Every structure is written in structure tokens, then in C-alpha cells.
Amino acid sequence: MSHLLREHAPISETGWNVIDEEARERLTPALAARRLVDFSGPRGWQASATNLGRTQAVADTPFDGVVAARRRVLELVELRAPFRVSRAELRDADRGARDVDLDALDEAAHRIATAENTAVFHGWEAAGIAGIAQASPHEAIALGEDCSRYPRHVAVAIEALLGAGVDGPYGLALGPEAHTRVLETSEHGGYPLLEHLRKILGGPLVWAPGVRGAVVVSLRGGDFLFDCGEDLSVGYDSHDADAVQLYLEESFSFRVATPEAAVELSP
């Protein structure tokens, strides 16, 4: 039995398959950070910290003539997004229904993916996470609302990265508002503009809920490190006669190894 307690839920194997598949479909496009940073793991629920390879001196030791140092680690943080599923809908799933109402799961998936993206790109001080845009020493470039200037902004950002000795290819995390502008722009026809940006970057352009504006990052590797403990999973909490209380959960740490490997395009 795992800590997710799925065995205790009044949900059939068919019901769990429907829930897990829906979670995967909703999470995959929204987890933008994982497509642009180095992902390692999962290391399991028992993993508690990431080794930083550094020490901190300890002033007092229990005996003269002995020096001491304490290993430094970055603690993993846990995220959980609860949701409810109707037991009537689960019974219909067992009967073969293809339109099971899982709107609450969809909303929970969006919430937890947005939280993860926000932590990676903009930081989470309370959890000890410095975000990519937050850590970057480069001056932020104002993105604005004129999509015709987006390729120029991205080119300027890449020039700044090259000037700092940071090779490509590069990726672009676009916040929802900026992404919508790119898709809806009429001057470039939407799709050609996406292709133009991809050619400049040499890498992907991703929709990134939780990102404010956009962020250009190097994809050469080793600059942005996401350490996964438990990967996103669905767990069981409780149930009553009408609904089952479930949750999405993950644990991770994130650190920026090379701050100069990204440029923020501020909104």
C-alpha cells in the first residue's frame, strides 16, 4: 500500500484508468517548465532534499582541534491540489460512458501546473526557490502587446545570451496572454509567426500558465535543475455517499545553476 491510499477509494480499476488518463491529458500541455529545464527523477515520495554539493562551517565542535562543516541541501517542497469526483459519474464510467464529468480534476490539474510553472520561472521565496526570471542578471525586455515586435524582442534576448557566452538552442515560455496574442495576430496569420519565433530560437515555444510575459531560456543543459521526488500522482483522501475526495500531489526542488542563461520578457 502506498501513501496515496488508492486501494481504499471506492473506485474500480476502470474508474482509476479514466481518472489517470484525464490527468495526463490535462497536465501534459500545461507543465511548460519541464519542457525547458533539466528534469531528474522521480526519486520517490521518501526523497526529502537535493544535495547542493556545498558545506557550511559549524562554529562550535565537541572537542578542541576538530573542525566541522554541515552539508547544505535544498529541501523538496510538496504541492497538493484537491478535487472531488461524483460517485454517480464513476458508476457511469464503469458502464462505459465516454463523457464522464471530470471538470474538477481539470481545474485541479491547471492549478497545480500553474503553481509549478510559477515557482520555476518567478520563484517561491517561502519554499526557498529562486525562479529563472527572478535570478537572471540581464535587464528585462518589455514585451508589450504588439506581436509584430515579438521576433525582435526574442532576437535581442538571444543576443544578450550570446554576449554572456550562453549557447543555444533556446526555448521560449509564453504566458497565456502573450501566447493568445501570438495565436490571434492577424498581421502574421498566427501560425507563421509561431514558426518565425521557432526559427529564431532553434527550439520550442511553449504555452506556460503561471508565466508573466515570457522568458527566453537556453536549452544547452545544466543551467536549470528540476529535481523530482514524487511525480504528479492522484491520491485518495475520503468519500461520502455522493462523491470521492481526491487530490493531485507532487514533490520537487528547483534551482538555477546559471542565472545568465535566461532573459525575461516582462509584460
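Reader: Which residue lies over the face of Tyr247?
Author: A charge sits over a ring if NZ of Lys or CZ of Arg is within 6 Å of the ring centre and within 35 degrees of the ring normal. At Tyr247 the distance to the ring centre is 3.6 Å. The residue over the face of Tyr247 is Arg80.

Reader: How is the model to be read?
Author: This is a predicted model, in which local features need pLDDT of at least 70, side-chain atom pairs count only at pLDDT 80 or more, and totals for chains, interfaces and linings use all residues. Residues are numbered from 1 along each chain as its sequence is written, and side-chain values use heavy atoms, with hydrogens and water left out.

Reader: Over the ring of which residue does the charged end of Arg6 sit?
Author: The charged end of Arg6 is 3.9 Å from the centre of the ring in question. That ring belongs to Trp16.

Reader: How many aromatic pairs does the structure hold?
Author: Rings of Phe, Tyr and Trp (its six-membered ring) pair if their centres lie within 6.5 Å; planes under 30 degrees apart count as stacked, over 60 as edge-to-face and the rest as tilted. By that rule the number of aromatic pairs is two.

Reader: Why is the pair of Phe39 and Phe226 stacked?
Author: The ring centres of Phe39 and Phe226 are 5.4 Å apart. Helices (H or I, at least four residues) and strands (E, at least two) are DSSP runs, numbered from the N terminus; Phe39 is in strand E1 (residues 38–40) and Phe226 in strand E9 (residues 224–228), 187 residues apart. The pair is stacked because the planes of Phe39 and Phe226 lie at 15°.

Reader: Is Phe226 buried or exposed?
Author: Buried means under 20% relative accessible area, exposed over 50%, partly exposed in between (1.4 Å probe, protein chains only). Phe39, at 32%, counts as partly exposed. Phe226 has a relative accessible area of 1%, so Phe226 is buried.

Reader: What is the angle between the planes of Phe226 and Phe252?
Author: Phe226 in strand E9 and Phe252 in strand E11 (residues 243–256) are 26 residues apart, and both are buried. Ring pairs link Phe39, Phe226 and Phe252 into a cluster. Phe226 and Phe252 are stacked at 4.9 Å centre to centre, and the angle between their planes is 10°.

Reader: Where is Pro42 found?
Author: A cis peptide bond, with omega about 5°, joins Gly41 and Pro42. Pro42 is in the loop between E1 and strand E2 (49–58).

Reader: Which residue does a cis peptide bond join to Gly168?
Author: The residue has its place in the loop between helix H5 (150–163) and strand E6 (170–174). With omega about 5°, the cis bond joins Gly168 to Pro169.

Reader: How many disulfides does the structure hold?
Author: A disulfide is a pair of cysteine sulfur atoms within 2.5 Å. Cys147 is buried at 6% relative accessible area, and Cys228 is buried at 0%. The number of disulfides is zero.

Reader: What is the phi of Leu5?
Author: Leu5 lies in the segment before helix H1 (13–30). Leu5 is partly exposed, with a relative accessible area of 32%. Although Leu5 is not a glycine, its phi is positive, at about 55°.
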